[in-house]
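This briefing is meant to be read beside the sequence and the coordinates. Please keep both in view while going through the points below.

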Amino acid sequence: MKIVVLVSGGGTNLQAIIDGINNKTIRNTEIVEVVSNNANAYALTRAKDNGIPGKCISPKEFADRDDFNKALVEEMDRVSPDLIVLAGFLVNIPAEMVAKYEGKIINIHPSLIPSFCGKGFYGLKVHEGALKRGVKITGATVHFVDEGTDTGPIILQKAVEVKPDDTPETLQRRVMEEAEWVILPKAIDMIATKGNI
């Protein structure tokens with residue numbers, strides 16, 4: 001199975017996927033390209049260090065959003081992946097791409113959907129929201145991408161305990177280590193070995 005990983009930042013989930021492929025916990029899978037909307041994303045360095053083609057397609061490089069959307073869809077068509085993995089990609093996916101690759105785009109979100117998801121809930125904001133609300137359990141969700149924000153069918157979820165002295169940063173780190181880096185590789189392996197969920 002050929003996958004493209006879309007990233008915006010450090011690429012810790014990308015690293016979890018690379019590690020999973022290398023240690024065979026993700027089977028039948030090859031990352032054919034890493035695409036970032038941020039030229040300075042460390043994820044592109046991770047890709048390069050692992051011999052994976054990397055590319056930056058940034059909205060800033062285009063006259064308008066339509067041109068960016070078109071470029072992103074054209075790049076996916078060029079690479080022709082079996083699965084597109086959003087691993088901390090902080091750009092809205094074009095509707096045309098969602099329609100064209102229906103059932104072939106998955107996303108990792110750092111909460112137990114339907115809590116702390118949707119518009120405005122990304123990165124640290126998710127964990128700030130969880131702490132502000134006083135929840136005792138949070139976690140991460142891998143889901144298929146549809147035309148909504150964090151509304152597609154859920155594939156896997158994993159719970160993480162919130163500790164009394166947590167800060168958004170400590171909680172973010174623990175959700176990554178205990179949930180995101182576990183369930184994203186697992187979901188990819190499930191799709192690669194079963195064909196569909």
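Predicted model: local features only at pLDDT ≥ 70, side-chain atom pairs only at ≥ 80, totals over all residues.

The cover over the buried residues of helix 1 includes strand 1 (2-7), strand 2 (30-36), helix 2 (42-49), strand 4 (83-86), strand 5 (105-109) and helix 6.

- Helix 1 spans residues 12-22, and its buried residues are N13, L14, A16, I17, I18, G20 and I21.
- One of these buried residues, I17, is in contact with I3, V5, I26, I31, V85, L184 and I188, once its neighbours within four places in sequence are left aside.

**Nonpolar cores**

- The largest nonpolar core has 38 residues, and V5, I17, I31 and I106 are those with the most contacts inside it.
- Helix 6 supplies the largest share of this core, namely 9 residues.
- Another core, of 21 residues, lies apart from the largest one and has V35, F68, I93 and M97 among its members.

**I191 in helix 6**

- I191 is found in helix 6, which runs over residues 168-194, and this residue counts as buried because its relative accessibility is 8%, where the cut-off is under 20%.
- Although I191 and K104 are 87 residues apart along the chain, their C-alpha atoms are separated by 9.5 Å.

**E33 in strand 2**

- E33 lies in strand 2 and is buried, with a relative accessible area of 3%.
- The side chain of E33 makes a polar contact with the side chain of R78, at 3.4 Å.
- With neighbours within four places in sequence left aside, the residues in contact with E33 are I3, V4, V5, I52, P53, K55, E75, R78 and V79.

**The loop between helix 1 and strand 2**

- K24 is found in the loop between helix 1 and strand 2, just after helix 1, and has a positive phi of about 65° although K24 is not a glycine.
- K24 counts as exposed, because its relative accessibility of 62% is over the 50% cut-off.
- N28 also has its place in the loop between helix 1 and strand 2, and has a positive phi of about 55° although N28 is not a glycine.

**The loop between strand 5 and helix 5**

- P114 has its place in the loop between strand 5 and helix 5 (124-133), and a cis peptide bond, with omega of about 20°, joins I113 and P114.

**Aromatic pairs**

- The structure holds 2 aromatic pairs; in the pair of F116 and F121 the ring centres are 6.0 Å apart and the planes lie at 75°, so this pair is edge-to-face.
- F116 counts as buried at 16% relative accessibility, whereas F121 is partly exposed, with a relative accessible area of 28%.

**The largest pocket**

- About 1,000 Å³ of space lies in the largest pocket, which is lined by 39 residues, with G88, F89, L90, N107 and Y122 lying nearest its centre.
- Helix 1, helix 4 (95-100), strand 5 and helix 6 each supply at least two residues of the lining of the largest pocket.

How values were computed: Residues numbered from 1 in each chain as written. Heavy atoms only, no water. Helix = DSSP H or I, 4+ residues; strand = E, 2+ residues; numbered from the N terminus. Buried < 20%, exposed > 50% of the residue type's maximum accessible area, 1.4 Å probe, protein only. Phe/Tyr/Trp six-rings, centres within 6.5 Å; stacked < 30°, edge-to-face > 60°. Core = buried A, V, L, I, M, F, W, Y, C linked by side-chain atoms within 4.5 Å. Contact = heavy atoms within 4.5 Å. Polar contact = N/O pair within 3.5 Å; in protein donor to acceptor, adjacent residues only side chain to side chain. 1 Å grid on protein atoms, 1.4 Å probe; cavity = no way out; pocket = protein on both sides within 12 Å on 5 of 7 lines; lining within 4 Å. Points joined across faces, edges and corners; volume = space filled by probe spheres on them.
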